[in-house]
Amino acid sequence: MILRLMGVLVLTASSSAFVSTQSSNAFSKTLNSITQPSSRIPVLPAPSINGFSVHSKKTPSRRSTSSEIHLSVNQIVDEFYDPILLQHVATGGLLALAGDVTAQSLLSEKKSFPPEDWDKARTAAFVIFGSVYTGGVQHFIFSFLNESFDDPIKRLLLAQFFFIPFCYYPTFLASVPFLRAGFESGGNFLDESTIERQQDLFGETANKIPSTLLRNWCFWLPVQFFQFSIIPVDLQVTYCAAFGVIWNAILSWSTSSSSPVVTTSPSTKQGLIPAFNMTMS
């Protein structure tokens, strides 16, 4: 009897220990689930208005904006320090010098080279125009035409029927009379007599544009068709400027008999034509 009672007590104690162990394990799991964050917590979507997500936009800092501006300025400076561009500017100026001296020599009475009555103020104006427009501006015009159009006919038509009447002539009329009259007056560009001289040169040149433009198309259309079809892009400015010297000689010879000669002063013996169209873009 005593043995049976001891067996019941042992069995009861074992059952109680097992139950307590299971309860403590369950309690520990529950406690851990509460105290430790779950890795399976769902990510809530961003708030939206009428179906469109709302995100905060980053406002660019002043430092990033200034760095972008600095980078853009450096790119522009690098573009103007392009060796090919500098070569074209120098070539345009040198060939403008040769073209105008040749044109004045053909119009000179004694046919000397350089002419004895060399109008250096006119030549200086053409050299500046040749450097800036013939060498510089045409560098970008030809690059644009070659990169944008594969057909040489389209390049030619844009060059002769858009850039010539709407870029070349306005630039020439705005710059060369102003420069030449200023150089003739010794640098007094805003003097009253200088302004009158500028207006005279402007009117003289503007009146000759229609007839000069027709001659220009007869000469430059075949020349530039060959240019846009055969000549490499890096040599097109030099090619065009070289033919500009020939063009000046032809134009000087064809207009020399009809050009009026004003004998008031050496600086006014020759107008801006025939050395007008140094290079047609």
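Helices (H or I, at least four residues) and strands (E, at least two) are taken here as DSSP runs, numbered from the N terminus. The model on screen is predicted, so that local features need pLDDT of at least 70 and side-chain atom pairs count only at pLDDT 80 or more, while totals for chains, interfaces and linings use all residues. Residues are numbered from 1 along each chain as its sequence is written, and side-chain values use heavy atoms, with hydrogens and water left out.

**The whole chain**

If you colour by burial (buried under 20% relative accessible area, exposed over 50%, partly exposed in between, with a 1.4 Å probe and protein chains only), buried residues account for 33% of the 281 residues. With contact taken as heavy atoms within 4.5 Å, 73% of the contacts between residues at least 6 apart in sequence join residues at least 24 apart.

**The annotated spans**

Select residues 124-145 and then 157-179, which an unreviewed UniProt entry annotates as "transmembrane region"; such annotations may be inferred rather than shown by experiment, and their positions are given in the numbering used here, with feature names shortened. Residues 124-145 are 100% helix and 0% strand, with end C-alpha atoms 30 Å apart, and for residues 157-179 the end C-alpha atoms likewise lie 30 Å apart in a span that is 100% helix and 0% strand.

**Aromatic rings**

Next, show the side chains of Phe, Tyr and Trp, whose rings (the six-membered one for Trp) pair if their centres lie within 6.5 Å, with planes under 30 degrees apart counted as stacked, over 60 as edge-to-face and the rest as tilted. This rule gives 19 aromatic pairs. In one of them, phenylalanine 126 and phenylalanine 172 have ring centres 5.7 Å apart and planes at 50°, and the pair is therefore tilted. This pair links distant parts of the chain, since phenylalanine 126 belongs to helix H4 (residues 120-148) and phenylalanine 172 to helix H5 (residues 152-184), 46 residues apart. Phenylalanine 126 is buried at 1% relative accessibility, and phenylalanine 172 is buried at 0%. Moving on to phenylalanine 219 and tryptophan 220, you will find ring centres 5.2 Å apart and planes at 80°, so this pair is edge-to-face; phenylalanine 219 and tryptophan 220 are both buried. To see a cluster linked by ring pairs, select Phe126, Phe129, Tyr133, Tyr168, Tyr169 and Phe172 together.

**Charged side chains**

Which residue meets the side chain of arginine 180 in a salt bridge of 2.6 Å, N to O? A salt bridge here is a side-chain nitrogen of Lys or Arg within 4 Å of a carboxyl oxygen of Asp or Glu, and the partner to select is aspartate 119. The pair links distant parts of the chain, with arginine 180 in helix H5 and aspartate 119, 61 residues apart from it, in the loop between helix H3 (83-107) and H4. Arginine 180 is buried at 0% relative accessibility, as is aspartate 119 at 6%. Glutamate 184 counts as partly exposed at 24% relative accessibility.

Finish at helix H6 (residues 192-230), where glutamate 204 and lysine 208 are four residues apart and thus separated by about one helical turn.
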